[in-house]
Amino acid sequence: MTWLAIPALNTLQQLFLKLGASDAGSSVAGSDWLGNLLVSPWFAAAVAAEIVCFVIWMTVLAELDLSLAFPLSAASYVFIMLMAWLAFGERLDRRELVGSLFILAGIWCLVTAKSASKD
C-alpha cells in the first residue's frame, strides 16, 4: 500500500502549486512573478512534497514491477480532479467522472491481474 502515498503526494503537490501560482500573480511576464513564486510558502510545500514523493517512489519501485507501479500512479489524475472540485470549486462534468471511473477500473484490472498471476 506504499504506492498509495504517490498519488496522495502528487495531489498535495498540485494543490500547493496552484496556491503558489495564485499567490505569485497572474502575469508570468511580470518581473515580480518568479520572485513571488520562489518566496511563496505554497511553492516550498510543493517542493517538499515532491522530494518526499521521490523518496517513496524509489521505495515503491524497489517493491513493485515498473509495469504495475507506474499505472498505479494514474490514480493521481482522479485525486487531483476531486481535490480541484473540493478545494477550488472547479466544475466536474459527466465525461470527467466517467473517465475517472475508467481510470479506477483500469487500476483495479491491473492490480487484480498481477495478484491473480502470482497465485
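## Close-up views of helix packing in a predicted model

**View 1. Helix 1 against helix 5.** The axes of helix 1 and helix 5 (residues 75-88) come within 9 Å and cross at roughly 40 degrees. Helix 1 is therefore oblique to helix 5, and the crossing of the two is right-handed. In this predicted model, helix 1 contributes Ile6, Pro7, Ala8, Asn10, Thr11, Gln14, Leu15, Lys18 and Leu19 to the contact, while helix 5 contributes Ala75, Ser76, Phe79, Ile80, Met83, Ala87 and Phe88. Sorted by class, the residues of this contact are eleven nonpolar, four polar and one charged.

**View 2. Helix 1 against helix 3.** Helix 1 (residues 5-24) and helix 3 (residues 41-63) have axes that come within 8 Å and cross at roughly 160 degrees. Since angles over 145 degrees count as roughly antiparallel, helix 1 and helix 3 are therefore roughly antiparallel to each other. Their crossing is left-handed. On the side of helix 1 the contact is formed by Ala5, Ile6, Leu9, Asn10, Gln13, Phe16, Leu17, Leu19, Gly20 and Asp23. On the side of helix 3 it is formed by Trp42, Phe43, Ala45, Ala46, Ala49, Glu50, Val52, Cys53, Ile56, Trp57 and Val60. The classes represented are 16 nonpolar, three polar and two charged residues.

View 3. Leu9 is a residue of helix 1. With a relative accessible area of 14%, Leu9 is buried, because the cut-off for burial is under 20%. Not counting residues up to four places away in sequence, Leu9 touches Ala49, Val52, Cys53 and Ile56. Between the C-alpha atoms of Leu9 and Phe79 the distance is 9.9 Å, although the two residues are 70 residues apart in sequence.

**View 4. Ala48 and its separation from Leu9.** Ala48 belongs to helix 3. A relative accessible area of 38% makes Ala48 partly exposed. Along the chain Ala48 and Leu9 are 39 residues apart, and their C-alpha atoms are separated by 9.8 Å.

**View 5. The largest nonpolar core.** Twelve residues make up the largest nonpolar core: Trp3, Ile6, Leu9, Cys53, Ile56, Trp57, Val60, Leu68, Ala69, Leu72, Ala75 and Ile107. Helix 1, helix 3 and helix 4 (66-72) are the elements that give two or more residues to this core. The most, four residues, come from helix 3. In soluble globular proteins, nonpolar side chains tend to be buried together.

**View 6. Contacts of Leu72.** Leu72 is one of the residues of the largest nonpolar core. With neighbours within four places in sequence left aside, Leu72 is in contact with Trp3, Leu64, Ile107 and Val111.

**View 7. The whole chain for orientation.** The protein chain has six helices and zero strands, so that from the N terminus on its elements run α-α-α-α-α-α. Of its 119 residues, 28% are buried. Among contacts with a separation of 6 or more, 70% join residues 24 or more positions apart.

How values were computed
Residues are numbered from 1 along each chain as its sequence is written. This is a predicted model: local features need pLDDT of at least 70, side-chain atom pairs count only at pLDDT 80 or more; totals for chains, interfaces and linings use all residues. Side-chain values use heavy atoms; hydrogens and water are left out. Axes are lines fitted to C-alpha atoms, for helices over the stretch in contact, and angles run from 0 to 180 degrees between N-to-C directions. Angles under 35 degrees count as roughly parallel, over 145 as roughly antiparallel, 65 to 115 as roughly perpendicular and the rest as oblique. A crossing is left-handed if the near helix is turned anticlockwise from the far one by less than a right angle, and right-handed if clockwise. Contact means heavy atoms within 4.5 Å. Ala, Val, Leu, Ile, Met, Phe, Trp, Tyr, Cys and Pro count as nonpolar, Asp, Glu, Lys and Arg as charged, and the others, Gly among them, as polar. A nonpolar core is a set of buried Ala, Val, Leu, Ile, Met, Phe, Trp, Tyr and Cys residues joined through side-chain atoms within 4.5 Å. Buried means under 20% relative accessible area, exposed over 50%, partly exposed in between (1.4 Å probe, protein chains only).
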